[in-house]
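Here's a quick tour for anyone about to work with this structure. We'll begin with the ligand and then move on to charged pairs and a bit of sheet.

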Amino acid sequence: MHPVPSPTAPDVPEMCAELWRSAAGVLDANWTGRHTVPSRTLYPHQWSWDSAFTAIGLAYVNPARAWRDLRSLFEAQWPDGRVPHIVFDPEIPEDAYFPGPRFWNVPAYNGRPARGSTGLVHPPMHALAAWEVYRHASAHGADAVQQARVELGWLYPRLVAQQEYLGDRRDAGGGGLASIVHPWESGLDNSPAWDDALATVPADLRLLDTYHRRDLDVSDVTHRPTDTDYARYLGLVENYRDGGYSDTALAERHPFVVECPGFNAVLATAELALAQIAGVLGRPSEARRHREHARGITAAISDRLWDPETDFFHALDVRSGRRTPARSVSGLLPLMLPDLDRARADALAEAAGSPRFGLPAPSYDRTGPAFDDRRYWRGPIWVNVNWLLRRGLLVHGRRDDAERLRQALVRLVHRNGHYEYFHPEDGGGLGSPAFGWTAALCLDLLADRSAPAYARS
Ligand code: 2M8
């Protein structure tokens with residue numbers, strides 16, 4: 001693999017050039033030679049949706065590495081199509097991250113050794129990432145375009161298999177949406193959106209006598225999930241693992257089965273990206289099928305997760321049939337879908353700008369009872385979900401709002417550094433300081449103001 005020299009960002013003033021260099025530096029520092037880690041301190045393996053966001057930034061400075069990251073992840077895809085939320089690096093010691101390979105105890109598959117990954121998934125961001133890397137390949141010359149076509153051809157059937165796994169095996173509610181079986185699958189781990197569904201999951205605190213929480217060695221205890229929540233997380237993994245990671249009769253056998261608006265908005269966006277990829281690969285009927293799937297998922301999100309009383313999307317607990325009252329930033333993400341009707345899109349854009357959120361959006365309603373300005377996904381600002389939200393504003397023709405959000409995100413990171421997340425009031429950097437997706441998405445925010453091809457005017 002030949003490293004591509006870093007180009008300077010097009011049309012950016014000096015402050016942005018400095019930010020560009022530091023962002024590219026973070027991506028270099030987090031590259032292990034085989035894949036990019038989210039953070040050298042807290043997350044020493046490869047995380048699934050992190051790799052997708054990272055690829056979106058690498059598209060500008062090192063597309064070959066972007067493809068390598070996506071390949072490394074999809075080489076660990078399970079035979080049933082699921083893409084694991086963590087791929088473990090065999091060169092990293094077991095105790096460097098908990099829960100590590102031994103706890104997950106995944107069997108050998110596809111010629112890979114046992115304990116190579118987790119059995120959970122992440123939001124399927126990778127089709128969109130692959131499309132974005134392809135879209136920017138021409139800036140790197142003819143060889144890069146050639147490589148991008150080869151990589152799209154390799155990834156396409158694997159991306160489709162991921163969609164089929166999520167759309168079929170994970171449709172536990174039977175209404176055309178994918179369910180998550182663990183808060184970690186949402187990517188918004190500790191969000192108040194899961195509190196009601198988690199309340200029925202037993203919390204066996206003795207698990208924390210047996211196992212050591214490595215996250216508390218390397219981060220502030222007031223930012224991370226409580227021991228009670230962590231015990232529930234571990235119990236959920238044990239239940240899924242001990243059932244052989246099977247998805248049969250999930251709603252009866254598993255205590256946490258939830259339809260998340262953000263996860264399903266990404267699922268539908270992946271279909272739209274697959275339609276674009278299928279077009280490049282010369283498969284027009286498959287492109288049509290992907291667009292139909294996207295429309296179907298959008299309709300199911302609207303039918304099942306919209307609350308007309310709150311004018312907002314809420315996660316649905318499939319077992320109880322109840323939607324959580326919590327307003328999480330994930331409820332804003334269906335704005336990414338071009339088939340979302342105008343009234344709902346307007347309501348979401350209004351909520352995003354309201355005192356409950358405000359742009360950049362915090363991870364949870366500022367006026368909500370569970371708002372916490374430091375704890376993981378319970379209030380702090382994360383760049384990745386704001387990047388998705390900006391895309392939603394562009395998709396629905398709200399270019400001025402999207403531009404204001406873009407500038408606010410760039411300023412936030414320039415003033416405070418490439419942190420994992422940010423304080424929702426003063427913008428101070430929190431969590432890990434040289435964080436992969438913050439740096440990667442900064443590159444994209446600096447360089448690209450275009451709207452998706454399917455945006456509405
Ligand atoms: C966080 O999740 C991990 C578990 O997967 C953790 O808290 O230990 C989340 O922010 C998740 O969205 C992210 O992918 C991961 C790595 O950055 O960290």
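## Around the ligand

In the side chain of arginine 224, an N or O atom sits 3.2 Å from an oxygen atom of the ligand. On its own the ligand has 410 Å² of accessible area, and the protein covers 99% of that. Keep in mind that you're looking at a predicted model.

For tyrosine 97, an N or O atom of the side chain is 2.8 Å from an oxygen atom of the ligand. For aspartate 189, the distance from a polar side-chain atom to a ligand oxygen is 2.7 Å. There are 17 residues around the ligand, and those that come nearest are Trp47, Asp50, Tyr97, Gly187 and Asp189.

## Salt bridges

How many salt bridges does a search of the whole structure find? The count is 29. In general, side chains of opposite charge can pair when their charged atoms come close.

| Aspartate 247 | Arginine 82 | 3.6 Å |

Is glutamate 151 buried or exposed? With a relative accessible area of 7%, which is under the 20% cut-off, glutamate 151 counts as buried.

Next come arginine 82 and aspartate 247, which form a salt bridge of their own. They are 165 residues apart, with arginine 82 in the loop between helix 3 and strand 2 (86–87), and aspartate 247 in the loop between helix 11 (227–242) and helix 12 (250–253). Both arginine 82 and aspartate 247 are buried. They also take part in a network of salt bridges that links Asp80, Arg82, Arg170, Glu185 and Asp247.

Glutamate 403 is in helix 17 (residues 399–416) and arginine 449 is in the segment after helix 18 (436–447), so the pair ties together parts 46 residues apart in sequence.

## Aspartate 365

Now for a residue in a loop. Aspartate 365 is found between helix 15 (342–353) and helix 16 (383–395). What is its relative accessible area? The value is 4%, so aspartate 365 is buried. Its side chain makes a polar contact with the side chain of arginine 356, at 2.8 Å. Setting aside neighbours within four places in sequence, aspartate 365 is in contact with Arg327, Arg356, Phe357 and Phe371.

Three of them form an open sheet with antiparallel pairing, in the order 3-6-7. Strand 3 (258–259) and strand 7 (322–323) are the edge strands, each pairing on one side only. Strand 6 (residues 316–317) runs antiparallel to strand 7, and two bridges join them. Which residue of strand 7 stands opposite aspartate 317? That's arginine 322.

Technical notes
Residues are numbered from 1 along each chain as its sequence is written. This is a predicted model: local features need pLDDT of at least 70, side-chain atom pairs count only at pLDDT 80 or more; totals for chains, interfaces and linings use all residues. Side-chain values use heavy atoms; hydrogens and water are left out. A salt bridge is a side-chain nitrogen of Lys or Arg within 4 Å of a carboxyl oxygen of Asp or Glu. Buried means under 20% relative accessible area, exposed over 50%, partly exposed in between (1.4 Å probe, protein chains only). Helices (H or I, at least four residues) and strands (E, at least two) are DSSP runs, numbered from the N terminus. A polar contact is a pair of N or O atoms within 3.5 Å; within protein, one must be able to donate a hydrogen and the other to accept it, and residues adjacent in sequence count only if both atoms are side-chain atoms. Contact means heavy atoms within 4.5 Å. Two strands pair if DSSP finds at least two bridges between them. A residue is near a molecule or strand if one of its heavy atoms lies within 4 Å of it. Accessible areas come from the Shrake-Rupley method with a 1.4 Å probe; for residues, only the protein chains shown count as cover.
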